[in-house]
Amino acid sequence: MPALAGVRTELERILIQTNYFVDTPFSWIGISIRFGMKTEAKPHFQHIDRKDGELPLAIEIETAQMIGADLEQLKNLFRSAALRALIAAAERYNCPDARLREMFASLPTPQSSAEEDLD
C-alpha cells in the first residue's frame, strides 16, 4: 500500500534524525495499524521482544474514514495513527518527541468523532 509505505519511510527518517532510540530498552518499534470501528487515541503496548528488541504497538483506525479517501487522505490517516503510537511510546520511555508532536499538530482535522487530542 503506497500510502502506508510513504508514511513509514517519512517517520523512520525522523526517528533516526531525532535520536528517538538512544537510551531506550528497545531497538525498534513495530506498529500494527488495525482497521476497525473506531479511531483509538492511544496504542496497545506489548512486551519488548528480548530476541530482536522490538517494541510492538497496535492502534485502530476507523475503516469508514478510508472509504473514498484519496492517497493524501490515506497518508494522513496512517500518519495520525502512527504518530499517536510513537508519541505514546515516547511518553512511556522518555524519548524525544517534539518533532513528532509538531507533525501531529500540523495534520488536517479528522472527520471522525474520535477524541483527537494527545493528552
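1. F21 has a relative accessibility of 26%, so F21 counts as partly exposed. The class follows from the limits used, because buried means under 20% and exposed means over 50%. This and every other value in the note comes from a predicted model.

2. The structure contains 4 aromatic pairs. In one of them, the ring centres of Y20 and F21 are 5.3 Å apart and the planes stand at 75 degrees, so this pair is edge-to-face. The deciding limit is the angle, because planes over 60 degrees apart count as edge-to-face.

3. How are the rings of F35 and F78 arranged, and how far apart are their centres? The centres lie 6.1 Å apart and the planes are at 25 degrees, so the pair is stacked. Here the angle falls on the other side of the scheme, because planes under 30 degrees apart count as stacked. F35 is in strand β1 and F78 is in helix α2, so the pair ties together parts separated by 43 residues in sequence. F35 is partly exposed, with a relative accessibility of 45%. F78 has a relative accessible area of 0% and is buried.

4. A charged side chain also meets an aromatic ring. R92 lies over the face of F45, and its distance from the ring centre is 3.7 Å.

5. The largest nonpolar core is made of 31 residues. Y20, I29, F78 and L100 are the members with the most contacts inside it. Two or more residues each come from α1, β1, β3 (54-62), α2 and α3 (98-105). Which element gives the most to this core? That is α2, with 11 residues.

6. Of the elements, α1 gives the most, with 7 residues. What is the make-up of the lining by class? It has 13 nonpolar, 1 polar and 2 charged residues.

7. D23 has a phi of about 60 degrees and sits in the loop between α1 and β1. D23 is exposed, at 76% relative accessibility. N94 has a phi near 55 degrees and sits in the loop between α2 and α3. N94 is exposed too, with a relative accessible area of 71%.

8. Some distances between residues remain to be listed. V7, in helix α1, is buried, with a relative accessible area of 2%. V7 and S80 are 73 residues apart in sequence, and their C-alpha atoms are 9.7 Å apart in space. I61, in strand β3, is also buried, at 3% relative accessible area. Between I61 and A81, which are 20 residues apart in sequence, the C-alpha to C-alpha distance is 7.0 Å.

9. Is A98 buried or exposed? A98 is exposed, with 52% relative accessibility; the class follows because exposed means over 50%. A98 lies in helix α3. The C-alpha atoms of A98 and I29 are separated by 18 Å, and the two residues are 69 residues apart along the chain.

Methods. Residues are numbered from 1 along each chain as its sequence is written. This is a predicted model: local features need pLDDT of at least 70, side-chain atom pairs count only at pLDDT 80 or more; totals for chains, interfaces and linings use all residues. Side-chain values use heavy atoms; hydrogens and water are left out. Helices (H or I, at least four residues) and strands (E, at least two) are DSSP runs, numbered from the N terminus. Ala, Val, Leu, Ile, Met, Phe, Trp, Tyr, Cys and Pro count as nonpolar, Asp, Glu, Lys and Arg as charged, and the others, Gly among them, as polar. Rings of Phe, Tyr and Trp (its six-membered ring) pair if their centres lie within 6.5 Å; planes under 30 degrees apart count as stacked, over 60 as edge-to-face and the rest as tilted. Buried means under 20% relative accessible area, exposed over 50%, partly exposed in between (1.4 Å probe, protein chains only). A charge sits over a ring if NZ of Lys or CZ of Arg is within 6 Å of the ring centre and within 35 degrees of the ring normal. A nonpolar core is a set of buried Ala, Val, Leu, Ile, Met, Phe, Trp, Tyr and Cys residues joined through side-chain atoms within 4.5 Å.
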